[in-house]
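I began with a helix pair and then turned to the sheets.

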Amino acid sequence: MNSLKVSIIGMGYIGLPTAAIISKNKIRTHGVDIDKKIINTIKKGNIHITEPGLKDLVSKAVKGGYLTASLRPIKSDIFIITVPTPLNSKKLPDLSYVKEAAKSIAPYLVKGNLIILESTSPVGTTKSISKIIKILRPDLTFPHEAGKKPDINISYCPERVIPGQTLKELVINDRVIGGMTKSCSSKASKFYSIFVKGKCHRTNSETAELSKLAENSFRDVNIAFANELSMICDESNINPWELIKIANRHPRVNILQPGPGVGGHCIAVDPWFVVASSKKAKLIKQAREVNLMKTKFVIKKIRKAIKKISKEKDLKPSEVKIAIFGIAFKANIDDLRESPAFDITKDMVKNFDSSLLIVEPNIKKLPISLEGNSKLVSSDAALRNCHIAIGLVDHKEFLKYKKIDFCGIELIDCKGIWD
């Protein structure tokens, strides 16, 4: 067994899979979360999130004694912070979870420890937690004050995974190792090389922080082009899927696929971190606004369809039955974070009395915010009973249907699922 001991603060979509991968390598790993229910679940060898292969890994790690969990950190060699960094109501990054996580590990630090921040963060956050912990532990030296040889080493090392393939990508993807000093980068790189098969690219903490934001902003900008193009197509009654397919025949063109917006905790959120820190981020800001506009565009399109069907079939708007295919933020997962499909569905629940038939094969129960005039049904049941079908997520379960299966149904396909 490796003699290292690792504490991971935050047992969410990144923290728990990371703990599972590390403990798989026979490293004693301790998971920390403020949610007692999550901790008790992990202690039993179970999981509270959906990720292929995760339950088996966690179960084996707990049974083998390599993975433990509690509400507080324990003395360790390495502390990894993987807590959320959401946006506040003004679209500014909320770093309160990161700061509280940093404070929580302060009492357990000893000379030679390594702190790794993985949470998506604005430039300068790594340096700020160094200063925060210094106030609590004046007996130790930190990178922002001690130069090359601090008592505590600190690095920023963002995750680069996609839900549904997290366990695989935690191992095979390259990692950016942003140490506050070269020795910090060296120590962090040595640690990640234990379980990461991809390359570890060393840089400073500020560059690593911006690299994560740049990667997701790049994706957001490119998706915004596709979404804007789809709305232009709608004005001229042009099939956007055919248009993009033809345009992509050009050897230097690769337009992405449009959708009802952009979701997930990364791509839909991280660009705002850049916008908040720089007035130069005009294109990045505009892309965010385009992708938000696409969601509103879909809502307006649904409202027009309701009016059309109620008139054609001589029904009250409340008598029009609507089937919504998918509410997750992307295909084949249960994650609803920042999901445009979920936002569209919530708008329907809030503003319409129409019966909503929600098809989401990756969840067993609807969130409380969708309760009321909606119910979770199978794909077949939705098709048998709806007047309008709305394709919002291209889950694999939906691919078996063809456009002909929607004969007599008003179809709004936002992902080209049945094109």
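**Entry 1: a helix pair**

The model I consulted is a predicted one. I first looked up how helix H11 (residues 270–277) packs with H12, and found an angle of about 140 degrees with the axes 9 Å apart. The two helices are therefore oblique to each other, because an angle must be over 145 degrees to count as roughly antiparallel. I noted the crossing of H11 and H12 as left-handed.

I then listed the residues that make the contact. H11 contributes Pro271, Trp272, Val274 and Val275, while H12 contributes Ile284, Lys285, Arg288 and Leu292. Sorted by class, this contact holds six nonpolar residues, two charged ones and no polar ones.

**Entry 2: helix H12**

I checked the length of H12, which covers residues 282–312. At 1.5 Å a residue, its 31 residues should span 45 Å, and I found the end C-alpha atoms 45 Å apart, which agrees. After H12 I noted Asp314, whose phi is positive, near 55 degrees.

**Entry 3: the sheet of five strands**

I traced the order of the five-stranded open sheet as E11-E10-E9-E12-E13, and its pairing is parallel. From one strand to the next, the twist averages 20 degrees.

I next looked up the pairing of strand E10 (residues 355–359) with E11: the two run parallel and are joined by three bridges.

Which strands does helix H13 lie across? I found H13 (residues 340–351) across strand E9 (321–325), E10 and E11, and it runs at about 160 degrees to E10.

**Entry 4: the sheet of eight strands**

I traced a further open sheet, of eight strands, in the order E3-E2-E1-E4-E5-E6-E7-E8; its pairing is mixed. The edge positions belong to strand E3 (67–70) and strand E8 (200–204), each of which pairs on one side only. I noted an average twist of 25 degrees from one strand to the next in this sheet.

How many bridges join strand E1 to strand E4? I found four between E1 (residues 2–9) and E4 (residues 78–81), and these strands run parallel. I also recorded that Ile9 stands opposite Ile81 in E4.

Technical notes: Residues are numbered from 1 along each chain as its sequence is written. This is a predicted model: local features need pLDDT of at least 70, side-chain atom pairs count only at pLDDT 80 or more; totals for chains, interfaces and linings use all residues. Side-chain values use heavy atoms; hydrogens and water are left out. The expected span of a helix is 1.5 Å times one less than its number of residues. Two strands pair if DSSP finds at least two bridges between them. Axes are lines fitted to C-alpha atoms, for helices over the stretch in contact, and angles run from 0 to 180 degrees between N-to-C directions. Contact means heavy atoms within 4.5 Å. Angles under 35 degrees count as roughly parallel, over 145 as roughly antiparallel, 65 to 115 as roughly perpendicular and the rest as oblique. A crossing is left-handed if the near helix is turned anticlockwise from the far one by less than a right angle, and right-handed if clockwise. Ala, Val, Leu, Ile, Met, Phe, Trp, Tyr, Cys and Pro count as nonpolar, Asp, Glu, Lys and Arg as charged, and the others, Gly among them, as polar.
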